[in-house]
Amino acid sequence: MTVPWRPGERGITTYKEEEDLTLRPRCCLQCSESLVGLQGGRRTEQGDQDQLKELYSAGNLTVLSTDPLLHKDPVQLDFHFRLTPQTSAHWHGLLCDHRLFLDIPYRALDQGNWESLTAALEYVEEKTNVDSVFVNFQNNRNDRGALLRAFSYMGFEVVRPDHPALPPWDNVIFMVYPLERDVGHLPSEPP
């Protein structure tokens, strides 16, 4: 069941320039899903300019970005969460106009991925001016029902496919988590 979601609710802005988000988040080379990401993800001819640079690191969380978060163009934003010295969970996203779009990784229902998502959401809430976090996954995933239940339990709501705030990505289910912001909220430190 799709929950209606309206622009302007909890500080959400409507999406006006669809071409800004025609690109998908790109998986990093360290990620177990990198081959999937390179086949369907963002490819550019910028080479080294598109390499991810460390933006933030504390505890087990490292946040990487392609560009400074000071302009309106979509920016690749990755969250790497160290589970053990040899393994980490990765969430890949695009940041655009106070909205963060995260691809749900395979095995997202594993305990480590929930811990990593919680750390990513805490970073976004405390250190950025993001108003809404959108998670998305392919419509044909085998774990679709479990993902819908789990993310609904966490407070995410399904967004109807034709909603103007969504990018034009085919065969994708989006869920949104609106961040509660105090009036006049400023991030605790610039990202």
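**Briefing: sheet and cores**

Strands E1 and E2 (residues 61-65) run antiparallel and are joined by 5 bridges. They belong to an open sheet of 8 strands with mixed pairing. The model is a predicted one. Its largest nonpolar core holds 30 residues.

**Sheet**
- The strand order is E1-E2-E3-E4-E5-E6-E8-E7.
- Strand E1 (53-58) and strand E7 (157-159) stand at the edges; each has a single partner strand, so one side of each lacks a neighbour in the sheet.
- On average, neighbouring strands are turned by 30° against each other, direction ignored.

**Largest core**
- Phe 79 and Phe 151 have the most contacts inside this core.
- Two or more residues each come from E2, strand E3 (75-82), E4, strand E5 (99-103), helix H2 (111-127), E6, H3 and E8.
- H2 gives the largest share, 7 residues.
- Leaving aside residues up to four places away in sequence, Phe 79 touches Leu 61, Thr 62, Val 63, Ala 89, His 90, Trp 91, Leu 100, Leu 102, Ala 120, Tyr 123 and Val 124.

**Second core**
- A separate core has 10 residues.
- Among them are Val 159, Leu 166, Phe 174 and Val 176.
- In soluble globular proteins, nonpolar side chains tend to be buried together.

Conventions: Residues numbered from 1 in each chain as written. Predicted model: local features only at pLDDT ≥ 70, side-chain atom pairs only at ≥ 80, totals over all residues. Heavy atoms only, no water. Pairing = 2+ DSSP bridges. Helix = DSSP H or I, 4+ residues; strand = E, 2+ residues; numbered from the N terminus. Axes fitted to C-alpha atoms, helices over the stretch in contact; angles between N-to-C directions. Core = buried A, V, L, I, M, F, W, Y, C linked by side-chain atoms within 4.5 Å. Buried < 20%, exposed > 50% of the residue type's maximum accessible area, 1.4 Å probe, protein only. Contact = heavy atoms within 4.5 Å.
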